[in-house]
Amino acid sequence: MQRKVVKIRIYPTVEQQHKLAQAFGCARWWWNYALNKSVETYRETGKGLGQSALNALLPALKKSEETKWLGDCYSQVLQAATLNLTTAYKNFFEGRAGFPKFKSKKGKQSVQYPQNVASLENAIKIPGGIGEIKASIHRPIDGKIKTVTLSKTPSGKYFASVLFEIEGETPKTTEGKIYGIDLGVKHFAVVSDGAKISKYDNPKHLAKHEKNLKRKQRKLYRKKDGSKTRERYRKLVAKVHERVANARQDFLHKLSYKLSSDSQAVIVENLHVKGMVQNHNLAKAISDCGWGTFVNFLAYKLERKGAKLVEIDRWFPSSKLCSNCYHQVSEMPLDVREWICPNCGTKHDRDGNAATNIREEGIRIIKADGTAASASGGEVRPKTGRKSVLRHSLVKLEAPTIPLG
Ligand SMILES: [Zn+2]
């Protein structure tokens, strides 16, 4: 069974837009309520609330005078929000994503339908009284629809992300390169294929968009609250935001495609661990650069072709280890770009050395797992007591997606 996601533009009528606004509102309110409840409960008891504990709160809310309106909401939409919230929590605790955020009325709106959705020739059929929404479907959705996420961008466009399954075994790849990637602030990614180091920076046009965004944001903040000009600027900023996000997504898609197309495995460090060990600035950079999104893109692109993503799931001294003789230095400040190993005298480029170490550690894990037939081409150091993760599958439902496949 293979999973695919297709994102299509949809064109709801005015009446459907009203109904969607209602659905977005309900889902958003419930998400925020449930998130707040989880945080509070965690503070009090040291334990969060699971999916069924959260869903169990719904009947009482639907009866209460203040939140009676929740009863008008299509209930599967609320339960899908609960599921997504608990997944977001899990991703946070397993180091794949930041802490779940509260949803704002001004941000991107979304709502998920886990069942009873059908794709027609030029429309998709949504339950809960919404009906058929006109859609531009460029390629047939030739599988069983699992979930559909409807969203509205702050600039007012509507989209549907359709996740569906098609029959057939996922292939297994044991041919191709093994890449080790050091994700960084100076360079977005430094990649080692065992013989050669390649460095990839954020594209220049992305920085240009970002500058433009900052300028428009500054202007927005100077406008009076509630004024017409402020509203106009809010829309303008939302548009630039969208352009920045699209440019970044585009870059992340292209790079993840490039690295997945000729490889059998890609090895990265777990971002959570990486961020925690290093400093606060790095933790912020992780969320700013889109490393988490990048790793998720890599994961599903690799999975689709039967290759694997290996996450080194514990602290690993990738920067401090000499990739030639495995001597470990005690200090490696962030501003040191090049160094000479005091033991063997090899001159290292900081990031290239780290990427090489990450690659070799990944090969060691693959060999220990025993599933990669040709995990060759790298020294494997026998070390014990390391626990890392082989990530074979992950489909991020909340992620903005472009048509796959
Ligand atoms: Zn050395």
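Colleague: Of the contacts in the protein with a separation of 6 or more, how many are accounted for by residues 24 or more positions apart?
Modeller: Such residues account for 68% of those contacts, where a contact means heavy atoms within 4.5 Å. Please keep in mind that this is a predicted model, in which local features need pLDDT of at least 70 and side-chain atom pairs count only at pLDDT 80 or more, while totals for chains, interfaces and linings use all residues. Residues are numbered from 1 along each chain as its sequence is written, and side-chain values use heavy atoms, with hydrogens and water left out.

Colleague: OK, and what does the secondary structure come to?
Modeller: The protein has 10 helices and 15 strands, which are DSSP runs numbered from the N terminus, with helices (H or I) of at least four residues and strands (E) of at least two.

Colleague: How much of the protein is buried?
Modeller: Buried residues make up 46% of the 405 residues, and here buried means under 20% relative accessible area, exposed means over 50%, and partly exposed lies in between, using a 1.4 Å probe and protein chains only.

Colleague: Switching to the metal, which residues coordinate the zinc ion?
Modeller: The zinc ion is held by the SG atoms of Cys322, Cys325, Cys341 and Cys344, at 2.3 Å. Donors are N, O and S atoms within 2.8 Å of the metal (3.2 Å for Na, K and Ca), and a site may look incomplete because water is not among the atoms. In sequence, the donor residues follow the spacing C-x2-C-x15-C-x2-C.

Colleague: Where do Cys322 and Cys344 sit?
Modeller: This pair links distant parts of the chain, 22 residues apart, with Cys322 in the loop between S12 and S13 and Cys344 in the loop between S13 and strand S14 (347-349). Cys322 counts as buried because its relative accessibility is 0%, whereas Cys344, at 31%, counts as partly exposed.

Colleague: And what is the geometry of the zinc site?
Modeller: The site is tetrahedral, with angles of 108 to 113 degrees among the four donor atoms; four donors count as tetrahedral if all angles lie between 85 and 135 degrees.

Colleague: Now the helices: at what angle do H1 and H4 cross?
Modeller: Helix H1 (residues 14-45) and helix H4 (residues 75-93) cross at roughly 40 degrees, and their axes come within 9 Å. Axes are lines fitted to C-alpha atoms, for helices over the stretch in contact, and angles run from 0 to 180 degrees between N-to-C directions. H1 and H4 are therefore oblique to each other, since angles under 35 degrees count as roughly parallel, over 145 as roughly antiparallel, 65 to 115 as roughly perpendicular and the rest as oblique.

Colleague: Which residues make that contact?
Modeller: Among them are Trp30, Trp31 and Leu35 of H1, together with Leu78, Ala81 and Leu85 of H4. Trp30 is buried, at 0% relative accessibility, and, not counting residues up to four places away in sequence, Trp30 touches residues including Leu54, Leu58 and Ala81.

Colleague: What about H5 and H6, at what angle do they pack?
Modeller: Helix H5 (residues 204-222) and helix H6 (residues 228-261) pack at about 165 degrees, with their axes 9 Å apart, which makes H5 roughly antiparallel to H6.

Key. Four donors count as tetrahedral if all angles lie between 85 and 135 degrees; four count as square planar and six as octahedral if opposite donors are over 155 degrees apart and all others between 65 and 115; anything else is irregular.
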